[in-house]
Amino acid sequence: MVAALVATPLAAAGIEGFKHSSWTPEQGAPSNVVGIAQTPDGYLWIASAEGVFRFDGLSFESIPAPREARFAHAIPTSVFADRDGRLWVGFNQNAGAAVYRAGRLHALSMPAPPPSILKFAQTADGALWASWGGQGDRLFRYRNDNWQVMDRRLNLPPGEIAAIASTADGSLWVTLGNSRADGTLARLLPGAARFQTEADRIGFTMLARAPDGALWISDRNATHMIRDAKGAPPVRPRLFPPVAGAAVPTLAFDRRGGIWGTTRGVGLFRLDPATGTGVERLEVGRMLSSDATIDAFTDREGSIWVATDVGLDRYRPAAIARLSAIPPDVQDGLKLARASDGTVFVAGSQALYALAPGGPARRIADGLGRVATLCPASDGGIWIAHGKSMTRYDATGPSTSFALPSDPVAPTSCAQDRRGRLWIDGAGVLWVGAKARWQRAAADLEGGGALDIVADPDGSGVLVNTGHADLLKLDAVTSRGVPGPPLAIGALAALWTSQDGVYASGAKGIARIAGSRVQRIEAKNNPWLVGVRGMALGRDGAAWFLVRLGIVRVAVRDLARGFAAPTTALPHRLFDSHDGYATRGQAISFRTPQVAATGDGRLIFATRAGPLLVDPADAVRSPLSPPVSIRSIAAGSLVRRDPPASLTLPAGTHTVRIGFAVNSLAVPSRNRAFYRLEGQSGGWTAAGGRREATYTNLGPGRYRFQVIAVSADGVWNRRGQTLAITIPPTFLQSWTFKLLCMALGLALLWVAYRIRLRFLAREIRSRLLDRLRERERVARDIHDTLLQSIQALMLRFQLAADGLPAGHPARGQLEEAMDRADDVIAEGRDRLSDLRRTEGLEDPEAALREIAGHQLAGTAIAITIRSSGTVRPIDAVAWDELASIAAEVLFNAARHAHASAMVAEIQYRSTGLTLRITDDGIGIPPHMAKEGRQGHFGIAGMRERAARIGGHFRIERRREGGTEVTVTVPAAMVYGSSRKR
C-alpha cells in the first residue's frame, strides 16, 4: 500500500455551503428577468420582459405599468429601492421612470426620456440618479420633484454608461466605454461642478458596492477592489482571475465574504477572498437554471438572488454543506473517527481524508482497498482496518502497520483501550491484541456479534453493543465480559463516545453512561430520539444529533435538564432539506460513529450523499423579525393593493378578503402568520399555508384587522400590521331606517290594538245588549202580567171597600192596605223604569241630576254636575253601567262620606269618556279602596261593571281630603247613537 499525499487543500464548503432554489415560469415566475431590488417591507421586486413583479417567497404578484399611453408597450429595464423605501422602475421605449406608491406605479414627468433607463443610484444628498447605456443624454438627476439632464452640466466624459454607484462620502461613480474597448472611471465629488476622470485602467464593466462600502469591478482583466471604504485606491490590490466569456458581470456579496458574479452567458461564478480558493463556477444543471445570468442581488437575510432568462435562482447560506472533496461510498459506507488532537478522519472509496481543526479537508491516502473500520488511537491519530492490515495514521500519513487476525469476516468496529490494546469484532467473536498479537476475548456474545465497540472511559476495557437491550463490559486484563449497567432504552441501535461520556441510542430513547451511573431521556415525548445514529458537541455549546429526519440541535443546558427529567420534551431545532440536508443517513449496517466533531467545534455527519459539514457559527438563528404587510383588500368590485392604514369600504359590504404577506424570504414555508378581526367575535387564527383572510356576513361598523408572524427561526413580529376598516350602513341599515321601521311597527301595533279593541267592544256590547234585551223582556213581562194583575186585584178590592159602610172598621183597613199596594205598584214601576233605562243618552248631565236627587234625598250634600269636551252620544249599554256606578257612588257617599259637597264631571275625549265623582268627606281608607268592605260587594260590583264595558275603575283617597272615583271607558265602547226602546 502506498500513501499518496496531496498538497492542495480541498474546499470544505464554498458554493456548496449554500442552499439552491429556483423559480421558473412553471412556479409562476416571470422569464427574462433583468433587475432585482428589495424594499424595507421585505418584498423582492423584479423587472422582467413580462412586467414588474413582487415576490413574498410564495407567490409572484404582477404590478401593472402606469396608465399613461407611453407605458402601453414599454418593458421594465431596471428596479431600485431608495433609502426612503420607495421603489423606482425604469422602462424602455422612451417611457422614462415610475415610482411605486399607494398600491400602483405612478409615472414621473421626464422631459425627453432616454430610450431606456438601465441603472439607478442615490447619493448622500438624497438625489436620485438614472442612466442609460447609449449615446446622447445619458445621465439624469431627480431632485425637488424634477428631472434634469446632467451630462453637459457636469462635463461627463464620453462613452456609454455601464454602471453608476454611490459611496458613503457622497461621491457618484460612473463607468463608461463600450464592450470592445477599455473603459473610463469617473467620479463626481459632493458639491463638485463637474466629473473628474480617474486614472484606473478598467474594462467596460459594472460597479458593485461591498457591505463595507468598498467599490469592486469585474472586467476582462480581473475581479478586484478599485476603491476602499474611504474612496481611496487599495494599498495592496488583490486580483482574482477573470472569467472567460463573462460580459459586463454584476457582482453581489454574501455574508461569508464571497463575491458572486453574473456572466450573461457562461453561468455564475463565486470568489472567496478570505480563503483564496480560486474561482468556483456554476453552470446550467449544476445549481443553476440557466447560463444566461443577468443580475445578482443580496437580500436583507443574506441570500444571493440571480436573475436569468428563465426566472430566478437563489443561494441561501445553509447550515449544512456537503464536503464535495470527499465522495460518498454507497457500497461500503463512510467511516468516521476523531483523533485526540481534534482531527476528524473520514474513510471511504479506498481513500482516507483528514479534517484538522481550522483547516479544510485533505486527502492523505488513497489506494487503500476496502476500508473495513477505523477508530481513535490512544496515543494520537487513528487505526484503520483495510484489506488484511491494521494501520495507524495521523495527519501526515501512516506510521505503524500489522496484520489483522485470521477471521472469515472483515471487522466492522474497533476500539483501543487505555492499556493500548486493540479490540475488533469478528465472526461471532471479539479479538483483542497488542503489537500484532491477537487472541480471542473470553466474552459470550450470545450468538451474535459486536455491532459497536468503544473504550470504557472509567476503566481499562471496552463497552460492546451486541444489538440487545444492554451493553457488554469487557476488562482489558482478563478479556472476560460482564453485563454493563442496565440502560432501559430497548434494543440498542448505536453506541458512541462524546466529550461528556458514552452514549447509546435505542428504540425507547438515549442513555448516557458515566461509570456506573446511567442517565436516560425517553423518546415518548421526544419521538425524534428513536434510532439516533450519533451525536457530538459543537463549538456553540450544543449537542448535534444525526436522526432519521435530519440533524437536530439541542442546547447542552436543555440536554442536562432532559437527563434530570427523562420524560421532559426537549427544546430542539431540526435541520432538514430546507437547511441543506437533502439526503438520508447511511444504512444501519454501516457501523462506527456517524457523527464527529473537529477540535474547533465543526461537525461531520456521514450520509448516503457523502459527508456533511456543519459549522455552528453558520447555523445561528437570524435575529431579524419577519416583515409583515397587508398586501390587498377586496370587497365586491373594490380591490385595493397596499391599502392605507384606514379604509372606508362601500356601504352594504358583507364579504371582505384581506391578503397579507410575511416577507421573510429565507424559508417562506416555515413562516407562520396569525390574524384576527377586532369587532367580530373570535381570537387569533393560524393562517397555515394561506396568506388571505376572508370574512363574511359583516355588518356596518368599525373593524380592525391585525396580522402578526413568526419567522422560520422563531423570531416574532408581534407588532405586525393593522388595517382599520369602516363599513358605512346603507339606508336600509341606517338608524333612520330602523327608527322608521320602529315607528311603522308601533303604528301597526296600534292599528292592531285598535282593531282588536273594536272587536272586543263589539263582542262586549253584543253580550250587554243581549242582557239589556233580557231585562227589557223581563220588565215587559212584569208590566204586562204582575202589575196589571195587581191593578185588577186592586180594583176588586176597591169595589169591595166601596160596598162597605163608611164607618165600617174593615173599610178603613182595606183602604189602608190599598194605599200600601199603590206604593208597591209605584215602586215596581220605578224598578221597571230602571230595567228599561233609556234616558240620559242625549243629556247625561240631566240623568245624573235625577240620580243624585234620588240617592241624596234627605241629606245636606250639595252636588255640582258638569261636563267638558265636545258632547257626544253615549251608547245605551255603556250608559246603563255608568249610571249604575254613579248611583252606587252617590248612595255610598250619602251613607258614609259625611261630605258637604260633591262634584260629578263627565269628560269627553277622542280616546274615550271619563266619569269622575269627588266629595269632600272623610275619605275612604286605603285598604277599603283596594279590597272593599268585608261582606259588601259595592266596590267589587262597580269594578265589574266598568270591566264589562272595557273600562277602568279607580277609587282613592284624595290628598286634600275626601274620595275620588274615576271611571274611564275607551271611545269604541262608550260612544254611539241612542237606542230607542
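# Exercises on a predicted model

Serine 349 lies in the loop that links β30 (344–348) and β31 (351–355). This and the other elements below belong to a predicted model.

**Exercise 1.** Carry out the analysis for arginine 264.

*Solution.* Locate the residue: arginine 264 sits in the loop between β22 (259–262) and β23 (268–271). Its phi is near 70°, a positive value in a residue other than glycine. With 38% relative accessibility, arginine 264 counts as partly exposed.

**Exercise 2.** Describe the surroundings of strand β45 (residues 492–498) and how it is connected to β46.

*Solution.* Count burial: 6 of the 7 residues of β45 are buried, so the strand is largely enclosed by the rest of the structure. Then examine the pairing: β45 and β46 (residues 501–506) run antiparallel and are joined by 6 bridges. In one of these pairings, leucine 495 has alanine 504 of β46 as its bridge partner.

**Exercise 3.** Decide how the buried residues of helix α1 (residues 556–564) are arranged around the helix, and find what they pack against.

*Solution.* List the buried residues of α1: Asp558, Leu559, Gly562 and Phe563. Viewed down the axis of α1, they fall within an arc of 140°, so they line one face of the helix. The spacing rule behind such a pattern is that an α-helix has 3.6 residues a turn, so residues three or four places apart point the same way. On the other side of α1, Arg557 and Ala564 are exposed. Finally, the contacts: the buried residues of α1 pack against β46, β47 (509–514), β48 (517–522), β50 (542–546) and β51 (551–555).

**Exercise 4.** Classify the packing of helices α5 (residues 876–897) and α7 (residues 938–948).

*Solution.* Start from the geometry: the two axes come within 9 Å and cross at roughly 160°. Angles over 145 degrees count as roughly antiparallel, which makes α5 roughly antiparallel to α7. The handedness of the α5 and α7 crossing is left-handed. Residues that meet at this crossing include Ile885 and Val889 in α5, and Met942 and Ala946 in α7.

Methods:
Residues are numbered from 1 along each chain as its sequence is written. This is a predicted model: local features need pLDDT of at least 70, side-chain atom pairs count only at pLDDT 80 or more; totals for chains, interfaces and linings use all residues. Side-chain values use heavy atoms; hydrogens and water are left out. Buried means under 20% relative accessible area, exposed over 50%, partly exposed in between (1.4 Å probe, protein chains only). Helices (H or I, at least four residues) and strands (E, at least two) are DSSP runs, numbered from the N terminus. Two strands pair if DSSP finds at least two bridges between them. The arc is that of the directions from the helix axis to the C-beta atoms. Contact means heavy atoms within 4.5 Å. Axes are lines fitted to C-alpha atoms, for helices over the stretch in contact, and angles run from 0 to 180 degrees between N-to-C directions. Angles under 35 degrees count as roughly parallel, over 145 as roughly antiparallel, 65 to 115 as roughly perpendicular and the rest as oblique. A crossing is left-handed if the near helix is turned anticlockwise from the far one by less than a right angle, and right-handed if clockwise.
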